[in-house]
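Trainee: Please pick one part of this model and take me through it closely. Which numbers describe it?

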Amino acid sequence: MIKVENISKMFGKNTVLKNISTTIQSGEVVAVIGPSGSGKSTFLRCLNLLEKPTSGKIYIKDQEITNPKTDIMEIRKKIGMVFQQFNLFPHMTVLDNVTYAPRKVNQLSKEKAEEIGKHLLSKVGLSDKIDSYPNQLSGGQKQRVAIARALAMEPEIMLFDEPTSALDPEMVKEVLDVMKDLAKTGMTMVIVTHEMNFAKEVADRIFFIDDGVILEDADPREFFTEPKTERAKDFLSKIL
Amino acid sequence: MRLDFSQLTPYIPFILEGIIVTLKFVSVSILIGLVLGTLLSLCKISKNVFLKALANAYTSIFRGTPLILQLMIIYYAVPQLTNYDIPIYLSAILSFGLNSAAYVSEIIRAGIMAVDKGQVEAAEALGVPYWKMMKDIILPQAVKNILPALMNEFITLTKESAVVSTIGYLDLMRRAQVVGAALYRNFEPLIFVGIIYWVMVTILTKLGSMVERRLRTSDQG
């Protein structure tokens, strides 16, 4: 589903990703963890080219998206993304947030888009909020709208960039629950997170990224009980 | 010397007509400034290096030289260079419109840049094409930043419009001078149009704060 070949990313003279290669299969749920500034968000943002890798190749379903000739907008329709800061459209209602892209990008009729939107919003438990505006919602509700918005494009891959980091503690669970349900449906998911319990419980694989490289690529049970590298041991001892 | 406004009475219709003349050319200038300024601002935020440089050079020139100089150049230089006897009205709206465009482009550019970068990323991640993103997502949010500053620009333009009297355009200011010359008294007509300018600007200012308040109450951000 996703193949990454030797990607590096520099910001000026600063190397953030160093020659990363990996493959993610369809239906896999990968939790990307690691210290702040290790490059995990940059890695995630490379997967839909919100960041352009300085070198290396990325394939999504065998199509090389790093090739300048590839129509990245076309690929992005199939990759949903959820941001730490939600990034909902503040001037649109919840339902409009969810139906905007299906209507304007996929050219669905208003009725069809609203049918999908209402269905998704009921799945994330927000049927009663469809006419609200984002600023009338709590953080957890906003993030669930953001997930519904991404799902409305019927993506094959979902990217999550620290989806619970901006939330009050009591709202983390409602968002993680939605993500758990999503994982059960067989969605391919890449999740940058600091929620170790969630990673342990939901992920099929853990990427431990430190200093721009995937230091460990392991089964969650293995990783959390017996990390192979000193760096990972040190990281886990500090947060668990 | 005592003030005597009674002598002004026969000239009042003549002066009041100046309000229409001034408003007519100010509003057309604003329109030109708005359209051209929007285009320039889009050039400024585009990735095209050439368009960007062009728009920046334009702004630099029109903001970096006196408006009265631009007015004179258009009014005197065009006939000299092209043999086209440019009407006063046309030179007035051209110079004010072109000048205003430079300021408007900066206002709009800043308003667009102030929209949270996450909005662009969210739209890009959904595969929304650039123009739809601009039209449906970025500009509606930018308007809130832009409108108050734009109102200020209109107010400035209304006041500065008095400069066209220097090329003999019969606006409010010029009419005050004409009446002053006829009466051999300048103070009263000047005070009179001064009040008119003040009233016009006050109305615009009130309109501006009304718009601002409407935006704030409709702010769903």
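Mentor: The accessible surface of chain B comes to about 11700 Å². Of that area, 68% belongs to carbon and sulfur atoms. Accessible areas come from the Shrake-Rupley method with a 1.4 Å probe, and for residues only the protein chains shown count as cover. This is a predicted model, where local features need pLDDT of at least 70, side-chain atom pairs count only at pLDDT 80 or more, and totals for chains, interfaces and linings use all residues. Residues are numbered from 1 along each chain as its sequence is written, chains are lettered from A and ligands numbered from 1 in written order, and side-chain values use heavy atoms, leaving out hydrogens and water.

Now look inside. Chain B has 221 residues, and 43% of them are buried (under 20% relative accessible area, 1.4 Å probe, protein chains only).

Next, the fold. Chain B holds eight helices and zero strands (DSSP runs, H or I of at least four residues for helices, E of at least two for strands, numbered from the N terminus). Read from the N terminus, the order is α-α-α-α-α-α-α-α. The C-alpha trace of chain B spans about 75 × 50 × 25 Å along its principal axes.

Contacts tie this chain together along its sequence. Take those in chain B between residues at least 6 apart: 77% join residues at least 24 apart (contact means heavy atoms within 4.5 Å).

Last, charge. Chain B carries 19 positive and 14 negative charges (Lys and Arg against Asp and Glu; His and the chain ends are not counted). Their mean positions lie 2 Å apart, with each charge placed at NZ of Lys, CZ of Arg, CG of Asp or CD of Glu.

Conventions. Buried < 20%, exposed > 50% of the residue type's maximum accessible area, 1.4 Å probe, protein only.
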